[in-house]
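Me: Got a model here that I'd like to go through with you. Can we start with the strands?
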Amino acid sequence: MNPRTIRRVRVRLAFAAALLIPAFAAAPAMAHDALESTTPAKDTTVTTAPGVVSLTLSEPPMDTAQLKLSVITVTDETGKTLSDGNVSVDGPTISTAIAGGSNGAYKVLWRTVSSDGHPIEGSYAFTVQDPAQAVPATQSQTPTPTASTATASAAPAAQTEPEQVKPNDDNAPVAVGIAAAILAVVAAVFFIARKRRNRTPAA
């Protein structure tokens, strides 16, 4: 093989290597699992705060019963964390329960381990606009007194006159009888004394 032919072979091999090496280098990155869908969907608006946020990957993550590798954190408009920290894995879907939050943008941060052993993570947002939460809470007001109540409270309370003690007349007949008896005795004594005086002879 002459030097010119050898030079051509080397150029072709170098050109092939230049094409194949980047392809092999990109192969592991392309093997990572990807986020395919979410519930609620990314950048959507829902009228009721969801009870569960779930993410579906292209392949099941490397979570096991003994080794929990997936994390999902959900916060509401005020920055309050709504997720409870527990992540369930069902095939390629990971999910977490959340408590109800305020209206506004909800942010979801997630992290898991791809089926090829590489960690993957991301974030997305959705919006909650619950009409029931849009109505401002009614402030407690002091009830306005009615006219009858105001009149009753303005007028002085009627004074109750003290009850007069009625004289007890139960003993009246007895008193009258005693008085009559006394008068009768006095009259009898007076009558007897006068009669004796008339019988006494003059000296």
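Reply: β2 and β8 pair in the parallel sense over two bridges; strands are DSSP runs of E, at least two residues, numbered from the N terminus, and two of them pair if DSSP finds at least two bridges between them. This is a predicted model, where local features need pLDDT of at least 70, side-chain atom pairs count only at pLDDT 80 or more, and totals for chains, interfaces and linings use all residues. Residues are numbered from 1 along each chain as its sequence is written, and side-chain values use heavy atoms, with hydrogens and water left out.

Me: Which residue stands opposite Thr 45?
Reply: Thr 127 in β8.

Me: And what's the strand order in the open sheet?
Reply: β2-β8-β7-β4, four strands with mixed pairing. The edges are β2 (45–46) and β4 (71–75), each pairing on one side only.

Me: New topic: how many aromatic pairs?
Reply: One. Tyr 106 and Phe 126 are tilted, 5.3 Å centre to centre with 35° between the planes. Ring centres must lie within 6.5 Å; planes under 30 degrees apart count as stacked, over 60 as edge-to-face, the rest as tilted.

Me: Why does that pair tie together separate parts?
Reply: Because Tyr 106 is in β7 (residues 104–113) and Phe 126 in β8 (residues 119–128), the pair links parts 20 residues apart in sequence.

Me: Is Pro 50 buried or exposed?
Reply: Buried, because its relative accessibility is 14%; the cut-offs are under 20% for buried, over 50% for exposed and partly exposed in between, with a 1.4 Å probe and protein chains only.

Me: What does Pro 50 touch?
Reply: Leaving out residues up to four places away in sequence, Pro 40, Ile 98, Phe 126 and Val 128, with contact meaning heavy atoms within 4.5 Å.

Methods: Phe/Tyr/Trp six-rings, centres within 6.5 Å; stacked < 30°, edge-to-face > 60°.
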